[in-house]
Amino acid sequence: MPGLDAMWRKADAALLRCLELAHQSFLAGGLPVGAVIVAASGESVSEGRNRAYDPAGGGDRLQRTPIAHAEMNALAGIETGTELGAMTLWSSHRPCMMCAAACEFTGVGAVTFIAPDPSDDDNGEDPDGIETEWVIAANLLFLSGVAAYSGSSSPMIMRAAQREPEITHLMRIAGDTALRRPALRDVLTPAWPDIQTAARERRSRQGHGPLRHPPAKPLPATARQRASQRQPR
């Protein structure tokens, strides 16, 4: 089983940046979701994190509004007239209906995400081609942010205990304080053995073996959006 260093080197830069932005949202007391728009060359063109719960007056145009989702903030950093057809929007979590519609409307060529959104009404499937360890890391941040904001007995956390028990167990092991180191890699390094254990448990629960194929080509926004109405994030 590869360690964090090997997986970090192998991971797409956009994947890592999404998780770093999600971690920044966690530290800011918001909902931990991050998004990056990359050109066909892989160069980052724009990025954003969820700022719906940040204080008003920040750098993002949508800050402290109900539409200040990570994907919307990333799109808001793109100038009108920019050709998005060859670009990919990465998100730490499956975009909601609003963000998926915005991607389609603006002509984003492809959308890929790291983890299903725990706030979805349906369970959601883990995306193809994403190592389960990154899925665990993304939802550890997300659910820890929800617990910090709404309490450990909030409905979403209680639901997650049934749907993603390996995540809520990991939350108890890792603890909120350990996630508050300023750099994401410093958060993940001591937690990585437990993240690997949680990843094995998740694959076993879902009936999957270890990931043996290369990352899948990102799916078009219109093809991969299956989210039903859910709580705003």
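V36 stands opposite E47 in β2, and this pair belongs to a predicted model, in which local features need pLDDT of at least 70 and side-chain atom pairs count only at pLDDT 80 or more, while totals for chains, interfaces and linings use all residues. Residues are numbered from 1 along each chain as its sequence is written, and side-chain values use heavy atoms, with hydrogens and water left out.

Strands β1 and β2 run antiparallel and are joined by five bridges; here strands (E, at least two residues) and helices (H or I, at least four) are DSSP runs numbered from the N terminus, and two strands pair if DSSP finds at least two bridges between them. In the hairpin that these strands form, five residues lie between them, and G42 takes a positive phi near 95 degrees. Strand β1 (residues 34-38) also pairs in the antiparallel sense with β3 (residues 88-93), over four bridges, and the bridge partner of A35 in β3 is S91. Strands β3 and β4, by contrast, run parallel and are joined by five bridges, with A110 in β4 as the bridge partner of T88.

Taken together, these pairings give an open sheet of four strands in the order β2-β1-β3-β4, with mixed pairing. Because β2 (44-49) and β4 (110-115) stand at the edges, each with a single partner strand, one side of each is left without a neighbour in the sheet. The twist averages 15 degrees from one strand to the next, where angles run from 0 to 180 degrees between N-to-C directions and axes are lines fitted to C-alpha atoms, for helices over the stretch in contact.

How many residues of β4 are buried? Six of its six residues are buried, so that the strand is mostly covered, buried meaning under 20% relative accessible area, exposed over 50% and partly exposed in between (1.4 Å probe, protein chains only).

Two helices lie across the sheet. Helix α2 (residues 13-27) lies across β1, β2, β3 and β4, running at about 145 degrees to β1, whereas α5 lies across β3 and β4 and runs at about 75 degrees to β4. The axes of α5 (residues 132-150) and α6 (residues 155-163) come within 9 Å and cross at roughly 145 degrees. Their contact (heavy atoms within 4.5 Å) is made by F142, L143, V146 and A147 of α5 and by M156, I157 and A160 of α6.

In soluble globular proteins, nonpolar side chains tend to be buried together. Not counting residues up to four places away in sequence, L15 touches W90, I114, I130 and W134.

R163 has its place in helix α6 and counts as buried because its relative accessibility is 15%. Leaving aside neighbours within four places in sequence, R163 is in contact with D117, P118, D120, D121, D122, N123 and R205.

Finally, a search of the whole structure finds zero disulfides (pairs of cysteine sulfur atoms within 2.5 Å). The cysteine sulfur nearest to that of C103 belongs to C99 and is 6.9 Å away, and C103 is buried, with a relative accessible area of 0%.
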